[in-house]
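Work through the exercises below with the sequence and the structure open. Each task is followed by a solution in steps.

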Number of protein chains: 2
Amino acid sequence: MTLSVRSQASPTIHEFDLIRALKKRYGTTSARIVRGIGDDAAVIASGRNRYLLTTDLLAEGIHFDRRTAAFTDIGFRAATANLSDIAAMGGTPEYLLVALAIPRDAIGRQVRQLYDGMMAACRPHRVNLIGGDTSASRSGWFVNLMLVGSAAGGRLLFRSGAKEGDDLYVTGTLGDSRAGLQLLQRRRGMAPAPSLQAAHRRFLTQRHLRPTARIREGRWLSKARWATSAIDLSDGLSGDLRHLCAESEVGAIIELAALPVSSACRRYAVSVKKDPTALALSGGEDYELLFTVSARHRARFERASMQQHFRMTKVGRMTAAKEGLRMTLPDGRQRPLPCSSYEHFRSRSST
Amino acid sequence: MTLSVRSQASPTIHEFDLIRALKKRYGTTSARIVRGIGDDAAVIASGRNRYLLTTDLLAEGIHFDRRTAAFTDIGFRAATANLSDIAAMGGTPEYLLVALAIPRDAIGRQVRQLYDGMMAACRPHRVNLIGGDTSASRSGWFVNLMLVGSAAGGRLLFRSGAKEGDDLYVTGTLGDSRAGLQLLQRRRGMAPAPSLQAAHRRFLTQRHLRPTARIREGRWLSKARWATSAIDLSDGLSGDLRHLCAESEVGAIIELAALPVSSACRRYAVSVKKDPTALALSGGEDYELLFTVSARHRARFERASMQQHFRMTKVGRMTAAKEGLRMTLPDGRQRPLPCSSYEHFRSRSST
């Protein structure tokens, strides 16, 4: 994400205030900057090419926990977070730079495993590692990736662009990553383990440790001009929908009963006596795409996406901005969409 | 620097070993990657354009100390470290991305001051801030910048390219930044303050807190095709010369009496009973350029650089690789060049 300030960064620093202040103070309007501060990636024009640049920083104890993730998994997730930003804009990831800060007791094998994980996530997309910087850290690991992507033909998806009346879709299923994380934490004795089939348990933990960036889906949505706007789900549906609505200046209504939840996630929710819909709404790091499609293309779009074997589910529609963000409960009543979005380790353990 | 592993990163991780392993494992030979792992910046070809990408990570307590530098200074130095990588390749810096990890007690003003400092260093070069990421840190500040530059006409300087017999030059003066840092540490009561004129004291501390990236010099050296190779001095002359020689597969001999030392640095060295040459050889973070010029162009080059009002000093010449790195003492004797290069806060305080 470009110039994001994660909500848990500091209790006294307010996300939107800081971004607004920086945008006002340093935001520029150069003809070559197609997109600057405020979308999933920055976009630069170079002749007929468009380049996308994104950076995501993961800090130990905040975004990952070495008790629940191996170094290869940490690397894989760090790469996916960045790949997913490129996917959300319909781009093709190309080049990777890696900045690491490593504690004094780090060993070479850990660094190599981290790189192995990153490159495992990047290899299917033929991303090349072109540089980086490795330095010391007084405490904990910091993994900061920068990814450069391109947009063939210059076609891209932005957060802005959703119109009132557009249908709202998501790829894949929601809440799996959060359920997987909770399972890993329980396995480490942080809470009692629920009874769950091994296959379901494996599916959910893999969805947390090895999430998929929806590069192919993003390119297709952009290239065939299906989507009017898109964002990737890193903070969770309710949080990221808020960003999409803010940039597009529209409202939205979500159909709770329509949210795609995997059977593994549903079983997990039942076993821990939780509502699977809550996991789907606020569980973060699914790295699915949330996007809008004009309602008049609905039938054609759904047919075309099925032909591609994509799982894309209509979960709501865009409304006028003044109607805000709402949800329809299974019984038909409407309620405001709760603000809760993904909270990282730190916030969870301190609250 | 691209894919550097700073020597102090971890006592068990060896710089060259890790870079070699990563290069072997993940290095690619795509036609569009003009330079990958191992130079000051990575270089990507896009049509007739060349893009440079570099990243430098600064960690609190390792690369900066809040007792001796204000947030604006920390931002300025972080930007200069990246600008200097672009300068060393003869490029023009264009776009900046900023990733910050900030401790929980951080306040908005500190973040803004950090950005103010970065942008103060970037503004003379008309670099645009296009994105970034701000996140929490469990302990200490991490400032990771990524800079994108371009090379007009595709002309660039590399670390490789120096030939046996080439003259070796540096811009500016050496050792000022290290002297300035020591003065700041002494001012904070870490050691007794030496007697020194206020103007000299100010000059040295400013050279540490507000170093200059030699963008104009780098572009000129590249554009007019004067230099056969170049590197920026972040680790110190003896350390960075080693990188240049390794990439160019040559040796070098330094004339100690020729090293350019400012009168302020000389006075400082005298006042603390140190050898100014040692500061010039091993003091890091001067961000001057170290470069080679064919000896047959010497007269024309020196005349042209004077016309530009550049301070560029011949400090030695390149030799055959088998002769290694040597220095000529003021009395004419030759000695091997000591390995010592810049050590950051951590190493200094722990040894």
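**Exercise 1. A strand pair in chain B**

Task: Find how strands β8 and β12 of chain B pair, and over how many bridges. Then place the two strands in their sheet.

Solution. This is a predicted model.
Step 1. Strand β8 (residues 167-171) of chain B runs antiparallel to strand β12 (residues 312-319) of chain B, and 5 bridges join the pair.
Step 2. One bridge can be checked by residue: Thr171(B) has Met312(B) in β12(B) as its partner.
Step 3. Both strands belong to an open sheet of 7 strands in chain B, with the order β9-β11-β8-β12-β10-β13-β14 and mixed pairing.
Step 4. The edges are held by β9 (227-232) and β14 (334-336) of chain B; each has a single partner strand, so one side of each has no neighbour in the sheet.
Step 5. From one strand to the next, the twist averages 30°.
Step 6. Helix α7 (residues 237-248) of chain B lies across β9, β10 (251-255), β11 (289-293) and β13 (325-328) of chain B, at about 135° to β9(B).

**Exercise 2. Two helices of chain B**

Task: Determine at what angle helices α2 and α3 of chain B pack, and which residues meet.

Solution. Two packed helices are described by the angle between their axes and the distance between the axes.
Step 1. For α2 (residues 71-88) and α3 (residues 108-122) of chain B, the angle is about 40° and the axes are 6 Å apart.
Step 2. Angles under 35 degrees would count as roughly parallel; α2(B) is therefore oblique to α3(B).
Step 3. The crossing of α2(B) and α3(B) is right-handed.
Step 4. Residues of α2(B) in the contact include Phe71(B), Ile74(B), Phe76(B) and Leu83(B), and those of α3(B) include Leu114(B), Tyr115(B), Met118(B) and Cys122(B).
Step 5. By class, the contact of α2(B) with α3(B) has 12 nonpolar, 6 polar and 2 charged residues.

**Exercise 3. Two helices of chain A**

Task: Decide whether α2 and α6 of chain A are roughly parallel or roughly perpendicular to each other.

Solution.
Step 1. The axes of helix α2 (residues 71-87) and helix α6 (residues 215-223) of chain A come within 8 Å and cross at roughly 10°.
Step 2. The cut-off for roughly parallel is an angle under 35 degrees, so α2(A) and α6(A) are roughly parallel to each other.
Step 3. Their crossing is left-handed.
Step 4. On the α2(A) side, Leu83(A), Ile86(A) and Ala87(A) take part; they meet Ile215(A), Glu217(A) and Gly218(A) of α6(A).
Step 5. The residues of this contact divide into 4 nonpolar, 1 polar and 1 charged.

**Exercise 4. A lysine in a loop**

Task: Locate Lys274 of chain A and state which residues it touches.

Solution.
Step 1. Lys274(A) sits in the loop between α8 (263-271) and α9 (276-282) of chain A.
Step 2. With 15 other C-beta atoms within 10 Å, Lys274(A) is partly exposed; a buried residue would need 20 or more.
Step 3. Leaving out residues up to four places away in sequence, Lys274(A) touches Ala269(A) and Leu279(A).
Step 4. For the setting, chain A has 351 residues, of which 59% count as buried, and its secondary structure comes to 11 helices and 14 strands.

How values were computed. Residues are numbered from 1 along each chain as its sequence is written. Chains are lettered from A and ligands numbered from 1 in the order in which they are written. This is a predicted model: local features need pLDDT of at least 70, side-chain atom pairs count only at pLDDT 80 or more; totals for chains, interfaces and linings use all residues. Helices (H or I, at least four residues) and strands (E, at least two) are DSSP runs, numbered from the N terminus. A residue is buried if 20 or more other C-beta atoms lie within 10 Å of its own, exposed if 12 or fewer, and partly exposed in between; C-beta atoms are placed from the backbone. Axes are lines fitted to C-alpha atoms, for helices over the stretch in contact, and angles run from 0 to 180 degrees between N-to-C directions. Angles under 35 degrees count as roughly parallel, over 145 as roughly antiparallel, 65 to 115 as roughly perpendicular and the rest as oblique. A crossing is left-handed if the near helix is turned anticlockwise from the far one by less than a right angle, and right-handed if clockwise. Two residues are in contact if their C-beta atoms, placed from the backbone, lie within 7 Å. Ala, Val, Leu, Ile, Met, Phe, Trp, Tyr, Cys and Pro count as nonpolar, Asp, Glu, Lys and Arg as charged, and the others, Gly among them, as polar. Two strands pair if DSSP finds at least two bridges between them.
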